[in-house]
Amino acid sequence: MAPHVDVPSPTGDFANNGNELNFRRDLSSGSDEVRTEGDINTSRPLIPGVYVPTLCFFDPETEEIDIDSITRHTVRLARAGVTGIATQGSNGEAVHLTHSERQLVTATTRSALDHAGFSHIPVIVGCGAQSVRETVEFCREAGEAGGDYALVLPPSYYATLFSSESIIRYFTEVADASPIPIIIYNYPGGANGIDLSSDVILSLAQHPGIVGVKLTCGNTGKLNRIASAVRNTSTKGNNALDKPDFLVLAGSADFTIQSLIAGSHGILAGLANIAPKACINTFELYKEGKIPEAQKMQEIVSRGDWAAIRGGVISVKSGLQSWMGYGGFARSPLPRPTGEQSKAWKEGYRELIALEKTLL
């Protein structure tokens, strides 16, 4: 989860509008799956629920990948009941990792899930890059490492030169060539202000290899338009409520209920690294029709999420370190929190952690 603004996102410029066999190796079983273009079947379908963009952990001295902490954290999230885990997002510090390190993190996450008895949980992998070529390369590497889906930001370095058609062509070419299905990641704060409109996203949703969207723009009106359209139009052969054709996820825990009212299938939110059970219970209470209870829990979740939003991955790691005894620091050049900042963030999560400890 990354910071977002508290107002509807601007529409900007985006309001109007490989034919080879690809291979994916299932590292847990050692078998090969072959997917031809247009075939998006996966053994781990996307279903409604709470997904977590997990953290990447580093040795505090050398900044080398901390495999043990990645494994421990992954299993903790799985045991809490999360629906899916995403590596290589903003919380996962993808921009700080080499290609091989990204593969190591994803493979470690997949292996941790499989060995702990959670082989059904899908792994989503951040694969966005500035060119179609490198994005497809990331997608292939993600599949080889055990990833089931690719989470893809629009390219943004040349944002002022792009039109809606440019963005549609980028996602289409990536989806045509990727060995794993694509989830669109709409996060203007991480894409130089590029904010995909509902028209663009719905156009892309017709592609058989594009199977969902994460909306970190915080725009519930946009979310409602997308959710309503994909609910009423089945283009891929299955639109059951438990296995939707096109998964619509809110990108932050502080508007979980609001997004569910608007028709989302759940959240993909960084706060679940800190308090997965609170995020899951908020979702479940609403789905069970226990609206007053869900609202009360949402209030606590939203207050806790403010600490995560203000400090991003630095505050999330600091909160984990303070309350769970692990987390460490972000990789350089991100700063390490001061003692005062750590105390402030610990206090910001206090109410949420107290709630988390009461939940089964």
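Reader: How many of the residues of β8 are buried?

Author: The model is a predicted one. A residue counts as buried when its relative accessible area is under 20%. In β8, 6 of its 6 residues are buried, so by that cut-off the strand is mostly covered. For the protein of 360 residues, the buried share is 55%.

Reader: Which strands pair with β8, and in what sense?

Author: Pairing is read from the bridges between two strands. β8 pairs with β7 in the parallel sense over 5 bridges, and with β9, again in the parallel sense, over 4 bridges. Individual partners can be located as well: Ile-184 has Val-213 in β8 as its bridge partner, while Leu-215 stands opposite Ala-250 in β9.

Reader: Where does the chain go between β7 and β8?

Author: One looks for a helix that belongs to the crossover. Here helix α5, residues 198–204, forms a right-handed β-α-β unit with β7 and β8.

Reader: What do the parallel strands build?

Author: They form a closed barrel of 8 strands, in the order β3-β4-β5-β6-β7-β8-β9-β10, with parallel pairing. From one strand to the next, the twist averages 25°. Helix α6 (residues 220–232) packs on the sheet and touches β7, β8 and β9; its direction makes about 160° with that of β9. Elsewhere, helix α8 (residues 276–287) lies across β3 and β10, running at about 155° to β3. The protein as a whole has 10 helices and 10 strands.

Reader: How is β6 joined to β7?

Author: β6 (residues 149–152) and β7 (residues 182–186) run parallel and are joined by 3 bridges. Within this pair, Ala-150 has Ile-182 of β7 as its bridge partner.

Reader: Against which elements do the buried residues of α2 pack?

Author: They pack against α1, β4, β5 and α3. Among the buried residues of α2 are Val-105, Ala-112 and Leu-113, and also Glu-101, Arg-102 and Asp-114.

Reader: Which residue with a positive phi follows α2?

Author: The backbone angle phi is the one to examine. Gly-117 follows α2, and its phi is positive, near 90°.

Conventions:
Residues are numbered from 1 along each chain as its sequence is written. This is a predicted model: local features need pLDDT of at least 70, side-chain atom pairs count only at pLDDT 80 or more; totals for chains, interfaces and linings use all residues. Side-chain values use heavy atoms; hydrogens and water are left out. Buried means under 20% relative accessible area, exposed over 50%, partly exposed in between (1.4 Å probe, protein chains only). Two strands pair if DSSP finds at least two bridges between them. Axes are lines fitted to C-alpha atoms, for helices over the stretch in contact, and angles run from 0 to 180 degrees between N-to-C directions. Contact means heavy atoms within 4.5 Å. A crossover is right-handed if, with the strands pointing away from the viewer, the path from the first strand over the helix to the second runs clockwise.
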